[in-house]
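Hi everyone, thanks for coming along. Have a look at the structure on the screen, and I'll walk you through a few places in it.

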Amino acid sequence: MKRIRSGRRGSRGPELGKLREAHRRAAEGRAGTVLLTGPATAGKTDLIRRFTDELSGSGSVVLRASAARTEQRVGFGVVDQLLLGLPETGAPGGIAEGRDADARGRQFCDAVLALAADRPVVVVVDDLHFADAESRHALLHLQRRTHEEPVLFLFSELSPAQENVRSFTAELSRHPGCERIRLELLSPAETARFAGPEHADELCYAATGGNPLLLAALLADRRETGAAPAPENFRCAVSACLHRVGPAAVRVACGLAILGGADRPALARLLGLSTHEVELALRMTTETGLLVDGKFRHPLVAAAVGETLVLQAGAELRLAAARVLRDTGARSRAIAEQLVAAGEAPDPWMAAALRQAAAEARLEADPSFAIACLELALRASGGIAESAAIAADLVRIQWRNNPFVAARHLRALGSAQRRGLLDDRDTGVLARCLVWQGEIAEARQLLDRWRLAADPADAGSAREIRAVRQWIRCSYPLLGVPAEESVPEQRRAGQFSRHADAVQAAEALTGALTDGHGRSPAGEAEGLLYGRPLTEDRFESHYAALLTLVYSERPAESRHWCDRLQRAAAERRSPTWQAIFAATAAEVAVRYGDPADALRHARAALQHLSLRDWGVFAGLPLSGLVLASTALGRHEEAGAALRLPVPEAMSGSRTAPLYLYARGMHYLETGRARPALADFLDCGRLMRHWRMDRPAFVPWRSGAASAWLLLGRREEARRIAEQQWGLPGVPGSGTGAASLRILALCGDPAGRPARLAGAAGPDAEIGRFALVRALREPAGRGLRPAPGDGAPAASRRKPRPRPEKPVPRNWSSLLSTAEEPVATMAALGMTNREISAKLFITVSTVEQHLTRVYRKLQVRSRAELPGRLRTADCAGDAS
């Protein structure tokens, strides 16, 4: 660090004037003494330097010495420095070398008085409180012998006066010509003048309190960086200020930084000082401007102490602070902060304190600190069982941040479970994480061991096992965990609510994915979401309830809860939760005709968690990304996503059908009918095998029918579409609209509007563009296979040229993406109000779109619209 000068020319004018006046009187033969007092680094040394510089051409002899803490035991050390200024002597100790102390002191006095016989003499001692006893005695002897001699004594000392020099300064003050000049810290106005117009702001005084050394360092940082202060110079200045006050001040400042307050007894106990020593150090440090009301005056000061002095103090001070905090009944977090900073926890009680602090941090949405506590507790734990419990806690919280990192502890947890050292809850955590990471064989063995070892009379164990089995049933059906009979849960005063919610949510999701057993899963799901904030214990039930709404085709509720749960996950600082809810939001958006929003959510999901971290559920974000990209025509992006490696074990997870369907749709839209058909049929086989064959989950039959059409196999397409239309819950749903679209494409184009009218009722939740595509596409048109894809030769013939019409065959090319669905729904007989409700736009916007549609399609009224569209489509078929 460069040398920082704490003063500027033109400052301290009144004090400098008093020194000039004292020198004038001394030069006239009136000896005087000036005691310059003030807090450390207030500018006393700089003022002395400026004053003595002025005397360089005045004819006065300046004898100057600077006392130092390290030389307090060097006899006559200050006197020897003063002797350097005597013209007659050339080196320290040149007077009375080897004689006794009194003789040396008298001879020093004689030499100064002899020098003052023909010129003024100024004796300057900076930091008088550090002067050795022999020199103080000699100086006092000299002062007593000066009355009418032209001698001025200028001493600076720290305020408040140190105990070792109080009697000495009291004796000096008895001299008739003695006066005190106190240097205060700079006022806010003086601080602004010191900083100058370029740098003067509130921070200058707020961070320094008018301390010239701190202010000069702050300004030096600003000049070097050209912006906000970099703390390098400021940190060094704070350290220098404390060291100038004394070792006790340094230690007390460290104690304040560690304990965060000025509790005198606690500080004294931590630092091994008396309460009086702590009080004195606090008072002296306050006078320097570093403290206000027993606390650091500004965060910059606290940071400077923490980043320099506390680090130098090492781990022992932190450990001592943890012990003091524990003995005084402090919170577990305060104790754990010291242990984490120390990086060790040697006492037996410390691991338990760290675990308690981690639990509090999890409740306060501070997972990073919870992880730090648990990692230290794991290193400090003494027993195998305790280590296993801590590792389980660590896996639970790390999974919220990064499942891949949490997997590091699974092997140790598996070993502990085999030895019977894990409780049921921790075993459940292990089972879920093993499945997530694709360790399916190990998960199966764990479930078998757990089931066999469980005590049938232990109701808590039974509930935990049931919750895990239900989660696996919905999340990784390949494990083949059978669905269990639904048994009502006992919920007395919230008892066992964690298990009850998890089981109820999983059963509701199972109902949405299977036949439902006559239940109303969506109603159960909403009941589990309302009035229950997102917590670690409730994440599983909330996620299952959200999926239940999605697969029950409840778009408004799905969007609402996706948004709420994403915000809650962000507030809880859980990247894993944020990623899962973002991927679900992408699934919802793509289902209901908003691919741009779906793409945004899917990308966010992969930003929160990399693909590697998704484990066997990588299909969830990838399916949303591929479907959204495909719908937007971004086929290169969709293809790139499909080329990303996914774990082989993903084929057994609930996301496998989603991934296969998304890949099939990409193949279909890029003209590759055969691989698309293979993916759709594989998807169907999985869903039937898992008893999850619900079109609301994945409408694989719609995709397969489209692929059959692309291959020219209309009968197969019609058969599978009719099969889907006949499934429970399909009519009136989005999947029903897709079924009708396929059936319309297989039939006579002239009859399409009538065939589709049933899908356009006000209660039918269908995709925004499903009717558009069904009405405008002739049978087989728009579904042309790629060369060599196995379609009949007739389907690959080049179209015959046909005469141009006033309205092009592909009438939709004339309309914007906003106008096209409005025209289609109007042709189907829907009112403007019904169209506005279906497309989420205003009635006025519908009217404006229709005006432009009439002009572009050359029709005069709404009644002409269906005929015009059918004419264009039939002309396309004739060609």
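**A walk through the model**

Let's start with Q445, which lies in helix α23 (residues 440-453). When I say helix or strand, I mean a DSSP run numbered from the N terminus: H or I of at least four residues for helices, E of at least two for strands. This is a predicted model, where local features need pLDDT of at least 70 and side-chain atom pairs count only at pLDDT 80 or more, while totals for chains, interfaces and linings use all residues. Residues are numbered from 1 along each chain as its sequence is written, and side-chain values use heavy atoms, with hydrogens and water left out.

Is Q445 buried, exposed or partly exposed? It counts as partly exposed, because its relative accessibility is 42%. Here are the cut-offs: buried is under 20% relative accessible area, exposed is over 50%, and partly exposed is in between, using a 1.4 Å probe and protein chains only. Q445 and A431 are 14 residues apart in sequence, and their C-alpha atoms are 9.8 Å apart in space.

Next, a strand. Of the 8 residues in strand β4 (residues 151-158), 8 are buried. In a regular strand the side chains alternate between the two faces of the sheet. In β4, both faces are covered: V151, F153, F155 and E157 are buried on one side, and L152, L154, S156 and L158 on the other.

Which strands sit beside β4? Two strands pair if DSSP finds at least two bridges between them. To find these on screen, look for T37, whose bridge partner in β4 is E157, and for V122, which stands opposite L152 in β4.

β3, helix α5 (residues 133-144) and β4 make a right-handed β-α-β unit. Right-handed means that, with the strands pointing away from the viewer, the path from the first strand over the helix to the second runs clockwise.

Now stop at the loop between β3 and α5, where D127 is found. Most residues other than glycine have a negative phi. D127 has a positive one, near 55°. D127 counts as buried because its relative accessibility is 10%. Q858 is another residue with a positive phi, about 60°, although it is not a glycine. You'll find Q858 in the loop between α42 (843-857) and α43 (865-878). Q858 is partly exposed, at 46% relative accessible area.

On to charges. How many salt bridges does the structure hold? There are 50, and a salt bridge here is a side-chain nitrogen of Lys or Arg within 4 Å of a carboxyl oxygen of Asp or Glu. Let me show you three.

In one of them, the side chains of R396 and D393 meet at 2.9 Å, N to O. R396 and D393 are about one helical turn apart, because 3 residues separate them in helix α19 (residues 384-401). Both R396 and D393 are buried. R396 and D393 also belong to a network of salt bridges that includes R355, R362, R400, D426 and E536.

Another bridge joins R663 and D679, at 2.7 Å, N to O. This pair links distant parts of the chain, with R663 in helix α33 (residues 655-669) and D679 in helix α34 (residues 673-689), 16 residues apart. R663 is partly exposed at 23% relative accessible area, whereas D679 is buried at 4%.

The last pair is E715 and R718, at 3.8 Å, N to O. E715 is exposed, with a relative accessible area of 53%, and R718 is partly exposed at 24%.

The structure holds 5 cavities of 30 Å³ or more. A cavity is a set of points, on a 1 Å grid over the protein atoms alone, where a 1.4 Å probe fits but cannot get out, and lining residues have an atom within 4 Å of a point. Grid points are joined across faces, edges and corners, and a volume is the space filled by probe spheres set on the points. The largest cavity has about 710 Å³ of space. Of the 32 residues lining the largest cavity, W399, R432, W471, F539 and E540 are the closest to its centre. Which helix gives the most to this lining? That is α27, with 6 residues.

Key
On a 1 Å grid over the protein atoms alone, a cavity is a set of points where a 1.4 Å probe fits but cannot get out, and a pocket is an open set with protein on both sides within 12 Å along at least five of seven lines; lining residues have an atom within 4 Å of a point.
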